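Please study the entry below and then work through the exercises in order. Each task is followed by its solution.

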Amino acid sequence: MKKRIALLLILLVLQISICGCWDYTEYENIAQVEGIAVDFDNSTKETTMTQQYIVPKSTKKSDSLGGSSGETGIVYSAKAKTLFDALSKLQQVMIKRIFYGYLKVFILGEEASRYNLMDIIDLNDRSPVIRDTAYFVVASGNAQKVLSTVDENTAKTSSEIISGLVNNSKTTGTAFPVTIHDVTEMLAIGGWEVAVPRVISTADDIKPEAGQTQDDVFLAEKSEGGLRVSGMAAFKGDKFVGWLNEKESVGLGLIMGKKLTMYQVSQRPAGTDPADILYFRIDSSKGKIKAKLVNGEPEIQVNVSIVADLRKYYTDQGSEFLTPEELTRLEKELEDSIRSDIQAALIRGQNELESDIFGFGFAFFREYPRLWQTDYETKWPDIFPDVPVDVTVKVKIQHTGTNIRKLIVK
Amino acid sequence: MQNDGKLTREMVFSLIFMSVLGNIVYTHTWIDNATDRSAWVASLAGISLVIPFAVWILYLGKLCPEATVFEMVDKGLGKIVSAVLCIPFILINALVAIAQLNMYTEMVKVFFLQNTPIWIIMLSLVLMGIMFISGELTIFARLVEALAILGMLNYFTSFIFAFPNNINVEYIIPIFDTSWLGFIQGAIFITGEASECLLLLMIIVRFIPDPFKHYKWVSYGIILSGVIFSIAILVIMTMMSPELAKRIAFGGVNAAKMLQIGDYVRGLEVFIFGTYNFIAVGKVSVCLYCSWIAMQKVLGSNKSMIQLFIIGLLIFVPSVLLGTYNKAYFLAVFMGNYVTLPFTIFILLLASISIFIKNKKAGSIAK
């Protein structure tokens with residue numbers, strides 16, 4: 001009997017304690033953050049944090065919140081000495097609890113990327129409210145401006161647009177998706193530097209919205225413009241060192257073995273008539289980095305293999321029929337084009353920025369772990385610019401379309 | 001205790017499987033600096049090294065059947081020695097449960113229930129443990145069978161979504177990038193942590209029919225937990241790189257947080273949370289049970305609910321007072337490094353001596 005009473009008591013306590021949920025929040029009472037932007041002013045040493053919130057339809061008040069339709073989200077900014085103060089100030093103006101569970105994109109301003117990348121990564125690392133799967137991008141210039149950009153042609157928020165653009169960047173090859181987790185990985189793994197996509201806004205410079213401004217917390221004015229994800233930002237350690245243009249970014253993606261499905265044109269000298277340029281569509285790309293020691297010195301072998309479709313041929317000077325010999329010649333043309341992108345990336349990364357964004361050091365470690373730990377880990381940043389890189393590109397044109405002959409205009 | 005029936009193969013297998021996976025699921029990162037990419041191999045080797053000690057207990061069970069290890073000590077060295085040994089045994093079990101409760105609670109607080117007071121989470125777990133073990137051991141063992149299966153299903157159901165996009169084979173190559181010394185240090189630490197299962201085996205050896213004959217029941221349980229655990233570490237490493245994996249204590253949950261299908265399917269960490277939950281409930285219950293049985297030996301009573309609640313308080317109150325993940329982590333590391341296995345070996349030596357003395361006495365009487 002005593003045992004039954006004891007068990008009954010346990011059940012009672014369990015029921016009371018488990019049902020009393022301390023963490024219960026109504027959806028209407030949370031401010032869902034879709035995008036975060038961080039800027040830094042080196043002259044004043046102040047950090048500006050900007051957040052874009054989605055307002056549940058039932059509580060939307062477009063007039064008072066400054067959004068033209070409310071669909072494009074509300075953007076608040078706060079300026080403070082530290083990131084955490086800025087975060088706290090943002091909560092001061094929000095009547096709802098800020099919720100980061102559905103964050104889509106994290107934007108770092110150009111200057112912030114030079115000074116406080118680690119602040120952001122550590123904040124995220126210690127407080128798992130932000131999902132690591134959110135995309136990480138660097139804004140060309142001001143990150144706040146990017147987040148406040150409104151594309152009048154769509155009802156989507158800037159965060160959604162950037163997230164979509166980053167996701168689709170694989171189809172152009174001019175950038176590739178990088179998440180917050182990827183950045184943390186690249187920071188932690190030896191012999192591999194951070195590279196993240198660049199986002200550009202065509203909107204005018206942002207100003208605090210009139211009538212709703214406080215000194216350090218303000219509703220950011222939305223400015224019309226377009227957004228574009230193109231190119232990559234290269235870091236050395238936790239510091240931004242420079243941009244990679246589209247061509248260099250394609251090369252970087254190919255070296256790193258990113259699965260790019262993009263359009264590529266044949267490599268022709270400057271001044272060539274655009275009509276004479278051939279079009280290809282890359283179906284699949286594979287890249288592999290191998291490290292080896294030649295006469296006791298590290299050397300890198302980059303192997304890239306491409307499977308492509310031919311998309312334009314009629315103006316080419318080649319034979320009328322697409323013979324196997326003709327295809328071999330076209331494959332060589334595409335190969336040269338691909339190689340030129342890879343070389344451009346290598347020149348930029350190795351010689352100009354001196355940042356191992358390719359992960360050559362990591363490849364060397366995998367091949368020679370002991371040697372890496374004893375000899376190369378510390379001196380890799382110094383020797384990396386001079387490490388010889390041998391590039392092998394293999395191209396296969398698998399599909400040429402439904403015609404075996406070129407189209408001859410009468 | 002007299003009412004507890006004999007355990008079946010599946011029950012022994014599940015109890016051992018579950019009791020290996022205790023604090024080790026949080027503290028395995030301790031070895032990562034020494035073992036680097038070979039952490040998963042060191043874990044498998046370390047857990048497997050527990051088998052000889054488990055077989056030792058089973059052999060003692062053959063020499064002195066129907067007795068816990070403390071009853072074996074009792075028969076040769078006397079009641080006082082046995083009772084004195086039970087006190088540190090109770091304390092060790094309590095400390096293991098305290099560390100487990102604090103680490104589990106921190107995980108729940110960080111990922112799921114930020115505003116819920118820690119004592120509520122801890123109290124729920126301790127009360128559940130009391131409820132589960134208040135009946136017969138065989139009933140608890142059946143529950144553990146179900147928990148073990150559910151836990152593993154949860155774990156791998158979630159990680160199945162990691163293939164192939166989140167798996168980076170280059171993160172685990174080379175498999176051995178450490179020194180033999182580092183590897184051995186890591187494996188030994190894991191042996192120390194996994195030897196938590198020996199604490200349970202010292203008690204349940206009494207309920208295993210023909211224990212030495214059925215050594216495979218226990219060995220397979222240990223090996224399987226080693227395989228599952230090292231696979232889990234391997235998956236985490238391939239998903240988030242050893243460099244990141246070694247920094248964190250809730251590797252499974254953190255790795256599962258990375259999983260996302262499209263824009264809307266996310267939050268798969270709740271499955272992993274389920275597994276951690278089952279492990280915590282199982283571990284706390286096992287520690288409660290071991291302490292309870294040992295307390296009965298000290299006080300000489302039989303399955304008193306008051307004693308069980310006292311044990312519950314002994315675990316719950318210090319857990320709340322400790323109330324920090326970091327201290328709990330280092331407590332668990334300390335236990336794994338210096339306490340659990342050495343104490344077990346010491347008890348087993350005494351039990352062996354005791355049986356030797358008992359047999360010698362029996363031999364001289366027979367003469």
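The model is predicted: local features need pLDDT of at least 70, side-chain atom pairs count only at pLDDT 80 or more, and totals for chains, interfaces and linings use all residues. Residues are numbered from 1 along each chain as its sequence is written, chains are lettered from A and ligands numbered from 1 in the order in which they are written, and side-chain values use heavy atoms, with hydrogens and water left out.

**Exercise 1.** Find the salt bridges between chain A and chain B.

*Solution.* A salt bridge requires a side-chain nitrogen of Lys or Arg within 4 Å of a carboxyl oxygen of Asp or Glu. The count between the two chains is 2. One of them joins R247(B) to D125(A), at 2.2 Å from N to O.

**Exercise 2.** Determine whether W380(A) is buried or exposed.

*Solution.* Buried means under 20% relative accessible area and exposed over 50%, with partly exposed in between (1.4 Å probe, protein chains only). W380(A) counts as buried because its relative accessibility is 3%. Residues that W380(A) touches include F360(A) and W372(A), leaving aside residues up to four places away in sequence. W380(A) and F360(A) are 20 residues apart in sequence, and their C-alpha atoms are 9.7 Å apart in space.

Terms used. Contact means heavy atoms within 4.5 Å.
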